[in-house]
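Q: I have not looked at this structure before. Can you take me through how to read its features, one by one?

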Amino acid sequence: MQTPASFEYERATSVEGAIASLQRLGFGARIIAGGHSLLPMMKLRLANPEHLIDINDLKELSYIREEGDEIAIGALTRHVDLLKSDLLAERFPLFRDAENVIADPVVRNRGTIGGSLCQADAAEDLSAVCSAVKAHVVIRGTGGERVVGMEDFHIGPYTTAVGEGEMLTEIRLSLRPGGGSAHEKVERRAGDWAIAAASAAVWIEDGRIADVGVALSAVGPTTIHLSRAEELLRGKAPSEELFAQAGEIAAADCSPSADGRGPIDYKRHLAGVLTTRALLRAAARALPQEARS
Amino acid sequence: MNVSISINGAKVSREIEPRQLLVHFIRETPDLTGTHWGCDTSNCGACVVQMDGEPVKSCTILAAMCEGHEIRTVESLEVDGRLDPVQMGFHERHALQCGFCTPGMLMTARALLDENPDPTDVEIRTAISGAICRCTGYVNIVSAVRWAAEYEAAARLEA
């Protein structure tokens, strides 16, 4: 039987209360939301928190809404709600691409976006998705809130910018004209981790790529931001040839390891192909948007 | 800690360690061993129960997290000797051999039909994609869920 080691459990009744508990209990305390990453880690003794603070009652952290020129997503928003959101599917369709292939529908009823990002597992899809669309995350502590860009959020494998006594409360996505996005993933079977996955977002102005974000899952120790590919793409007109070049950079700039999901050269090849495909689909989705604006 | 959970409409209270998983809390309740405990890693789906009407994997939820929520297990499907249509479908279409995955399959299928009374075969396959069956090859399970959907559609028409 796999059972976590002993811990103390408490249920938060407010965000402030959860943060106060984190402050009081210090390093040994962890937030639990869906628990579908944390509990398996605890069963394997890879995580050994002394206190769990359950935030599942904090309904005020579960929402997807348009606020001015941003979409705001509460940290407790579950995968199933991200999948079903027509607002997200219209403005950032890569979320629905990814959510269709994250774990399985039953797991998606529990897992949350905040948990996914804070787990900071390199093979997890939403970290690449949020990197590609250049999301910002809101981290709250007793001293107030700070906003951190995805490029500064993951500071290493399973390690984030969320400090002691702090919690992630919101993910923010900037709404900019001419945007399109896509997520491409290859997995061995339903519910497995990716062999490789690529997220891409482009913003097209006057037929050229004004801005672009590309990130990879499962082919390195952390989510990989493809900054060299982004530099290549910025300012150029979208084309199959250009996106194929970006795919070559992706294959070169990732650092997969060999495991049961495949050898290194296969994963590099796959990362490249998926990057090209994600960019093609992102651009195809962006062009009608640009025509409308 | 003392935890009270509503299981199949009845309140079950017990003194437990906070680390007790929902699947064990359920199975240690008299007459509630129908929920199966399989892979322990949220992969196989044998432990699926409904929490507030949604299918969840009870091996990856703490019992303590369920206080104040309605849990429904496979035992709730049959009422006064009358099987639920999904159970009838599994019987009609021979959708089980060893039966280990069946409670999770039934609770997943029940939740699917409650949300989507007329699912396509692809939607059925997607719904049960988090549940592993090593006997049937899934064909008869999909057929059984389809049978239940059609049975319920006919019953609605009659009513």
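This is a predicted model: local features need pLDDT of at least 70, side-chain atom pairs count only at pLDDT 80 or more; totals for chains, interfaces and linings use all residues.

Q: How many bridges join β6(A) to β7(A)?
A: Strand β6 (residues 136–141) of chain A is joined to β7(A) by six bridges, and the two run antiparallel. As an example of one bridge, V138(A) has V147(A) in β7(A) as its partner.

Q: Now hairpins. How many residues lie between the strands in the hairpin of β12(A) and β13(A)?
A: There are two residues between the strands, and D206(A) takes a positive phi near 50°. The strands β12(A) and β13(A) pair in the antiparallel sense over nine bridges. One of the pairs is E205(A) with R208(A), the latter in β13(A).

Q: What does β13(A) form with β14(A)?
A: The two form a hairpin with six residues between them, and A218(A) in the turn has a positive phi of about 75°. Their antiparallel pairing covers two bridges, with β14 of chain A taking in residues 224–225. Here A215(A) stands opposite H225(A) in β14(A).

Q: Why is β13(A) described as largely enclosed by the rest of the structure?
A: Strand β13 covers residues 208–217 of chain A, and seven of its ten residues are buried, so the strand is largely enclosed by the rest of the structure. A residue counts as buried if 20 or more other C-beta atoms lie within 10 Å of its own.

Q: What about nonpolar side chains in general?
A: In soluble globular proteins, nonpolar side chains tend to be buried together. In this model the largest nonpolar core has 139 residues. The members that touch the most others are A196(A), A200(A), V202(A), L216(A), A250(A), A271(A) and V145(B). Strand β12 (residues 194–205) of chain A gives the largest share of this core, ten residues. Leaving aside residues up to four places away in sequence, the residues that A196(A) touches include V186(A), L216(A), K267(A) and L274(A).

Q: Turning to chain B, what does its domain assignment give?
A: The assignment gives domain 1 (2–76) and domain 2 (85–158). Over C-alpha atoms, the centres of these domains of chain B are 21 Å apart. In domain 1 of chain B, 16 residues are in contact with twelve residues of domain 2. On the domain 1 side, β3(B) gives the most, with three residues.

Q: Which residues are buried in helix α2 of chain B?
A: In this helix (residues 85–92), P85(B), V86(B), Q87(B), G89(B) and F90(B) are buried. The buried residues of α2(B) pack against α3 (102–115) and α5 (139–158) of chain B. After α2(B) comes H94(B), with a positive phi near 50°.

Q: How many residues of chain B are in contact with chain A?
A: On chain B there are 25, in contact with 22 residues of chain A. The largest share of the chain B side, four residues, comes from β4(B). By class, that side has eleven nonpolar, nine polar and five charged residues.

Definitions and conventions
Residues are numbered from 1 along each chain as its sequence is written. Chains are lettered from A and ligands numbered from 1 in the order in which they are written. A residue is buried if 20 or more other C-beta atoms lie within 10 Å of its own, exposed if 12 or fewer, and partly exposed in between; C-beta atoms are placed from the backbone. Two residues are in contact if their C-beta atoms, placed from the backbone, lie within 7 Å. Domain bounds come from an automatic or database domain assignment. Ala, Val, Leu, Ile, Met, Phe, Trp, Tyr, Cys and Pro count as nonpolar, Asp, Glu, Lys and Arg as charged, and the others, Gly among them, as polar. A nonpolar core is a set of buried Ala, Val, Leu, Ile, Met, Phe, Trp, Tyr and Cys residues joined through C-beta atoms within 7 Å. Two strands pair if DSSP finds at least two bridges between them.
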